[in-house]
Amino acid sequence: MPDSDDEKSRSFATALIAVGLVFAGALAFAAGVTLLAFLATLLSGGGASPAWTHAIAIIVFAGTYVVIALGEAPGLRLDRAGAALLGASLMVGLGVLPLDEAYRAIDFDTITLLLGMMIVVANLRLSGFFRLASNFVVARAKTPLALLAAIVLVTGAFSAFLVNDAICLVMTPLTLELTRRLKRDPLPYLLAVPMASNVGSVATITGNPQNMIIGGLSHIPYGAFAAALWPVAAFGLLATFALVALFYRGEFLTRERLPEAAPAPARARGFLVVKSVLVTLAMMALFFAGQPVAKVAIVGGALLLVTRHVKAEKVYREIDWPLLLMFVGLFIVVEGLETTVLTPEAVASVGRFDLANAGVLAVVSAVLSNLVSNVPAVLALKPFLAGAADPQRAWLVVAMASTLAGNLTLIGSVANLIVAERARAAGVSIGFWAYFKIGAPLTLVTIAFGAWLL
């Protein structure tokens, strides 16, 4: 009898953890030997040699990325944010980077942009805007296929301009509520949420955290970024719709109509909805007008904090502070490696992999994104793209591939995990293979299209 999706998922996860434990153990042993030798050198008054500094930078970088790839340190309670902070502290504490250089390594534009967008999304959610949008969908979707199209379009459109992880936090419970009120199987609709969110977020700099980093590092204007990548997002949303409908033909390829369902109580705060929507639209206009995105985002977020309807503490609870902390730590960790190890000669030697080729760069970005997650992957690729013949095109390829690679597996992006965990808490299991059979072809076809287009 074949294994169930859950059994296969557990087997895959067990194998992945076992490999990670072996790798982490080897790194820990190497780190211990290196640090003992380093301390002995310091105690003898010799100071740290360049060779030891290089070794420490490599070990700290590798150890940080292993923990990020696994999700937490084996046997410890250290999560991704904690690993990034520890790695940054070791880079400074062990002499790889002076403290002032560590401060300069942090891209505060990216941190500011992400914080501002989180405040905006929090206000939209707390105002009841997303629930009003879901009621609008229910009133107009008359067939299962129309409901799927609406979920894909709404999720993708919101994720294109707002942070996709936050959109998944909002859309998952709304999708569960919609499908249960309409007496449908929630699984295919839930699968569409993270896939459409990942695909839609590729369109703009504000769509996801890795695009925000790329926008800050590359200085590509918001409008130019969107003009280059919106066709990829549009194609991806069509592919998401088609593949979900194809794999769940019994649910969607039917003449059955949805039952009449009364809209759920909206509990919306009218004034706050209007204010949040107007501020968001003004921000989008200023983004496309060429204004600095970080400045626009934080000013817009701050203006939304001025209200008599929602306590600021409620908004602060919606902000993903660990993600911001992880960003800060990773900027420092990557800078430590880049400063000590990635010499111009070392960076030039990577040229034999032909990263100027869009297809090659897309594959490298996609593979690395699935190994260590998309944000760390983007930062790891930074040193190799600075000297590219066409750096803007290279960064666009990385933005496209690192984002779309998140659809490959259930653990491929934070958005996927958010939906899976929220669904599991509501009694709906999203298995690894149930996701993979749609996510894998979707990833391959969208990355191939993106590489061809760029």
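Between which two helices is K311 found in a loop? K311 lies in the loop that joins α14 (293–305) to α15 (312–318), where helices are DSSP runs of H or I with at least four residues, strands are runs of E with at least two, and both are numbered from the N terminus. The structure is a predicted model, in which local features need pLDDT of at least 70 and side-chain atom pairs count only at pLDDT 80 or more, while totals for chains, interfaces and linings use all residues. Residues are numbered from 1 along each chain as its sequence is written, and side-chain values use heavy atoms, with hydrogens and water left out.

The protein chain as a whole contains 22 helices and zero strands. Of its 454 residues, 51% are buried; buried denotes under 20% relative accessible area, exposed over 50%, and partly exposed the range in between (1.4 Å probe, protein chains only). Among contacts with a separation of 6 or more, 81% link residues 24 or more positions apart, a contact being heavy atoms within 4.5 Å. The chain exposes about 20100 Å², of which carbon and sulfur atoms supply 68%; accessible areas come from the Shrake-Rupley method with a 1.4 Å probe, and for residues only the protein chains shown count as cover.

The surface carries a patch of positive charge formed by R269, K311, K314 and R317. Patches are made of residues with over 30% relative accessible area and no salt bridge, like charges being joined within 9 Å and nonpolar side chains (Val, Leu, Ile, Met, Phe, Trp, Tyr) within 5 Å. A salt bridge is a side-chain nitrogen of Lys or Arg within 4 Å of a carboxyl oxygen of Asp or Glu. Lys and Arg count as positive and Asp and Glu as negative, whereas His and the chain ends are not counted; the charge is placed at NZ of Lys, CZ of Arg, CG of Asp or CD of Glu. K311 counts as exposed because its relative accessibility is 61%.

A nonpolar surface patch is made of V274, L278 and L281, which together have about 300 Å² of accessible area. L278 belongs to helix α13 (residues 270–288) and, at 54% relative accessibility, counts as exposed.

K183, in the loop between α8 (164–181) and α9 (186–201), is not a glycine, yet has a positive phi of about 60°. K183 is exposed, at 67% relative accessibility. H219, likewise not a glycine, has a positive phi of about 60° and sits in the loop between α10 (209–218) and α11 (222–247). H219 is exposed, with a relative accessible area of 66%.
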